[in-house]
Amino acid sequence: MAGRVPGPYREWMIELEDLSKRYGDRLAVDHLSCTIRPGVVTGFLGPNGAGKSTTMRMMLDLDSPTGGTVRIDGKHYRQLHNPLRTVGALLDAKAVHGGRSAWNHLLCLARSNGIPRSRVGEVLDLVGLTPVARKRAKGFSLGMGQRLGIAAALLGDPRILMFDEPVNGLDPEGIHWIRTLMKSLAGQGRTVFVSSHLMSEMALTADHLIVIGQGRLLADTSMADFIARNARSFVLMRSPEQERLKDVLSGAGITAVPGASGALEVSGEDAAHLGELAARHRIVLHELSPQRASLEEAFMRLTAGSVEYHARTGTGG
Amino acid sequence: MAVVTQVLGSEWTKIKSVRSTVWTLGVALVVTVALGVLISALVNNEYDRMSVRDRLVFDPTYVSFTGMGLGQLALIVFGVLVVTNEYSTGMIRTSLAAVPQRGIFLFCKIAIAGALALAVGMVTSFLTFFAGQAVLDGHRASIGDPGVARAVVGGGLYMTLIAVFSMGVAAMLRGPMLALGILMPFFFLISNILATVSATEKIAEYLPDKAGQKVMQVVLTDDTSPYGPWGGFGIMLLWVAAALAGGYAVLKKRDA
């Protein structure tokens, strides 16, 4: 867990300190402390109802915390001068007046923060909405609404960007586009904070992970560390002479366990070494493939104790 | 900190880029003027059959404003929609992320919508006065007569305050259906019923619409009234201030 960072390095950062939010007798966010840094995509991961959206709303001062603070650039959100020029956020793609055109929606936001009118056309172009810029947002598909929300987030050319479940409703081309966009924004040195309930999505975009469950911090780690720690890697071996292969492996002090559909799973050995070993003993191999257990599994193991809504397995009960 | 001029500009863009602005304000103007002219014409035909007593208290200015009773409902819808469409569309979260100073946000919104209501209210008031007087023919009042100019300007101010009062109430209630469900019957029915029943007549005099309408009367029919034209207007102003304070308190305190 990151502590307070002193001096100029606090620029472009989001710092949560002991952040809590209580609804009735339920703690939606439970003493959350972490720091979100510039230059990388930070994934904010947790099952549905873990408190991700509540946390993001508190970052933008939309919801007031029950306890703790959020600092952006070392300041409270309300103290930011023209906040859209520092923080751009996509919270809810439907947060648009349906009777207003995409152009006017963005113009309203631009004017409120002293952003030049020309920037509206630029961001519409960037998200590919120029052809429908003058159409009323009511007729937009979920994906178009999402793009409009992203355009609004980019409007002030902010150094810090927040996206709450940005891939929702996007088609595969749109998903690819938003991934590339987030990476390039981080590549420019910006702070990119993106929430998701899908580990597989995060694995493709995030460099750093903050995992929460029932409002509590479960992990704050680099993606590489998370993978190394949680994803078991092994080599899958298949041979017509399965028994002889097993003997050769155990002769070399290597443990092989039977895996899916009669193949052998070998952990802790490198595939090249295993291949050479088989060749030395003239064993024909039909398969020799390095495998990685899914991160989704690791994520589910991590959050297993803190899932808000459990589905019952099986049909009993 | 948000800059007030920027937020005013933003709210102006917001209000002119939705259709409900044009139709609510348009309906307010058309209904008030059309009904005012119609009733003025009917009264003009009846005048010869009126009793001497009725002729003595005949107030041609106030007669031409009769349409406002219905036209004000469109202004209530305008005021309610300006505020509640932020909530019903979810736009409020986008708006407050752009302008986190909630007081500046709310009062810039109300200033712009109020200024627009004032412009339309004044045009409506003058239009309905001159159109009504044209129809009233030989019984007409002139803008130069004592109290008439005050009544006509007061009519425009009254329409503005009805809209601003609705904005304050809407900011407290947030939902368009709830706000309209309370304001519409209040101004259209309850206030009138209370004013007609003798037991509650005195209470009704202090309701925002009944007190505010005093400023549009030139011939004062009841000398029992505890306040004059501007006194009544002052009472209405207090109601508006209370509604705005309530709306601000709710916006300030609650999560968006």
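In the predicted model, the side chains of B:Lys14 and B:Glu86 form a salt bridge with an N to O distance of 2.8 Å; a salt bridge is defined as a side-chain nitrogen of Lys or Arg within 4 Å of a carboxyl oxygen of Asp or Glu. B:Lys14 belongs to helix α1 (residues 4-16) of chain B and B:Glu86 to helix α5 (residues 68-89) of chain B, so the pair ties together parts that are 72 residues apart in sequence. Helices (H or I, at least four residues) and strands (E, at least two) are DSSP runs, numbered from the N terminus. B:Lys14 counts as buried at 6% relative accessibility, and B:Glu86 counts as buried at 2%. Here buried means under 20% relative accessible area, exposed means over 50%, and partly exposed lies in between (1.4 Å probe, protein chains only). Through salt bridges that share partners, B:Glu11, B:Lys14, B:Glu86 and B:Lys109 are joined into one network.

Because the model is predicted, local features need pLDDT of at least 70 and side-chain atom pairs count only at pLDDT 80 or more, whereas totals for chains, interfaces and linings use all residues. Residues are numbered from 1 along each chain as its sequence is written, chains are lettered from A and ligands numbered from 1 in the order in which they are written, and side-chain values use heavy atoms, with hydrogens and water left out.

Over all chains, a search of the whole structure finds 20 salt bridges. One of them connects the side chains of A:Lys21 and B:Asp255 at 2.7 Å, N to O. A:Lys21 is located in strand β1 (residues 14-23) of chain A and B:Asp255 in the segment after α12 (229-253) of chain B, so this pair joins two chains. A:Lys21 is buried, with a relative accessibility of 6%, while B:Asp255 is partly exposed at 24% relative accessible area.

Within chain A, a salt bridge brings together the side chains of A:Glu287 and A:Arg238 (3.0 Å, N to O). These two residues link distant parts of the chain, with A:Glu287 in strand β13 (residues 287-292) and A:Arg238 in strand β10 (residues 233-238), 49 residues apart. A:Glu287 is partly exposed, at 22% relative accessible area, and A:Arg238 is also partly exposed, at 27% relative accessibility.

The domain assignment, which is automatic or from a database, divides chain A into domain 1 (7-228) and domain 2 (232-292). The centres of these two domains of chain A, taken over C-alpha atoms, are separated by 46 Å.

Two residues of chain A were examined for their backbone angles. A:Glu165, which is not a glycine, has a positive phi of about 45°. A:Glu165 is placed in the loop between β6 (160-164) and α5 (172-187) of chain A and counts as buried at 13% relative accessibility. A:Gln214, also a residue other than glycine, has a positive phi near 45°. A:Gln214 sits in the loop between β8 (208-213) and β9 (216-222) of chain A and is partly exposed, with a relative accessible area of 28%.

A positive surface patch consists of A:Arg111, A:Arg117, A:Arg134 and B:Lys16. Patch residues have over 30% relative accessible area and no salt bridge, and like charges are joined within 9 Å.

Methods: Patches are made of residues with over 30% relative accessible area and no salt bridge: like charges are joined within 9 Å, nonpolar side chains (Val, Leu, Ile, Met, Phe, Trp, Tyr) within 5 Å. Accessible areas come from the Shrake-Rupley method with a 1.4 Å probe; for residues, only the protein chains shown count as cover. Lys and Arg count as positive and Asp and Glu as negative; His and the chain ends are not counted. The place of a charge is taken as NZ of Lys, CZ of Arg, CG of Asp or CD of Glu.
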